[in-house]
Amino acid sequence: NPAFAEFNNKQETGVITSLDSIDVDTVKIRKNVIYTEDLLSIVYERIFSVSQKTRIGLRAGIIGFGAVLPTAGVSLKVGAYKHSFYIDGFILAGGGGGGALAGMGLGYFYTANKGFAFKLGIATVDGGFLPIIGLGYAF
């Protein structure tokens with residue numbers, strides 16, 4: 001597909017000018033996101049495009065949940081660049097009595113052309129459910 005080949009080539013420069021023979025506004029592909037979740041954590045996520053509608057994110061950060069603990073995870077984002085559904089898995093080091101806690105989350109992820117990022121979802125950790133509200137900046 002020539003449009004997809006152009007999409008892959010333009011990822012290196014960060015600019016897409018057309019897709020499927022339809023001219024669209026110039027869109028900056030933002031591959032880095034820094035955000036906070038529920039004001040308890042600070043996370044950096046690096047996003048890699050797999051296809052036009054599929055991206056994988058690798059993330060690392062810290063969470064202040066009684067103590068400051070490191071966290072790491074991976075996410076799968078499916079959908080348009082600005083609006084996508086995500087599912088992720090993560091590990092909280094030092095949780096669970098000194099070991100590690102694993103968790104999963106799913107929800108909605110939004111990235112604006114100007115850099116604003118928003119995340120809304122639900123996560124499960126240690127048998128409980130937590131609402132996730134994330135605000136950040138993509139660059």
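Reply: **The largest pocket and its surroundings**

Seven strands each supply at least two residues of the lining of the largest pocket: E4 (41–51), E5 (54–64), E6 (68–79), E7 (83–93), E8 (100–111), E9 (116–125) and E10 (128–138). Strands (E, at least two residues) and helices (H or I, at least four) are DSSP runs, numbered from the N terminus. The model is predicted, so local features need pLDDT of at least 70 and side-chain atom pairs count only at pLDDT 80 or more, while totals for chains, interfaces and linings use all residues. Residues are numbered from 1 along each chain as its sequence is written, and side-chain values use heavy atoms, with hydrogens and water left out.

The pocket holds about 420 Å³ of space. The search uses a 1 Å grid over the protein atoms alone: points where a 1.4 Å probe fits but cannot get out form a cavity, whereas a pocket is an open set with protein on both sides within 12 Å along at least five of seven lines, and lining residues have an atom within 4 Å of a point. Grid points are joined across faces, edges and corners, and the volume is the space filled by probe spheres set on the points. The lining has 25 residues, and those closest to the centre of the pocket are Ile 63, Phe 90, Leu 92, Val 125 and Leu 130. Strand E7 gives the largest share of the lining, four residues. By type, the lining has 14 nonpolar, five polar and six charged residues. Nonpolar here means Ala, Val, Leu, Ile, Met, Phe, Trp, Tyr, Cys and Pro; charged means Asp, Glu, Lys and Arg; the others, Gly among them, are polar.

Read from the N terminus, the order is α-β-β-β-β-β-β-β-β-β-β. Of its 139 residues, 37% are buried, where buried means under 20% relative accessible area, exposed over 50%, and partly exposed in between (1.4 Å probe, protein chains only). Among contacts with a separation of 6 or more, 32% join residues 24 or more positions apart; a contact means heavy atoms within 4.5 Å.

Next comes the nonpolar core. The largest one has 16 residues, and Val 33, Leu 92 and Phe 109 touch the most other members. Strand E3 (32–37) supplies at least two residues of this core, and so does each of E4, E7, E8, E9 and E10. Such a core is a set of buried Ala, Val, Leu, Ile, Met, Phe, Trp, Tyr and Cys residues joined through side-chain atoms within 4.5 Å. In soluble globular proteins, nonpolar side chains tend to be buried together. Neighbours within four places in sequence aside, the contacts of Phe 109 include Val 33, Tyr 86, Ala 117 and Phe 118.

Strand E10 has two partners to describe. Two strands pair if DSSP finds at least two bridges between them. E3 and E10 pair in the antiparallel sense over five bridges, with Tyr 35 opposite Gly 136. E9 and E10 are also antiparallel, joined by 10 bridges, and Phe 116 stands opposite Tyr 137. E9 and E10 form a hairpin with two residues between them. Asp 126 lies in that loop and is exposed, because its relative accessible area is 64%. Its phi is near 55°, a positive value in a residue other than glycine. Most residues other than glycine have a negative phi. Leu 39, in the loop between E3 and E4, likewise has a positive phi of about 55°, and at 77% relative accessibility Leu 39 is exposed.

Ser 41 is in E4 and is buried, because its relative accessibility is 4%; beyond four places in sequence, Ser 41 touches Tyr 35, Thr 36, Ile 62 and Ile 63. Ile 133, in E10, is partly exposed at 44%. The C-alpha atoms of Ile 133 and Asp 38 are separated by 5.3 Å, although the two residues are 95 apart along the chain. Leu 76, in E6, is partly exposed at 34%. Its contacts beyond four places in sequence include Thr 54, Ile 56, Phe 85 and Ile 87.
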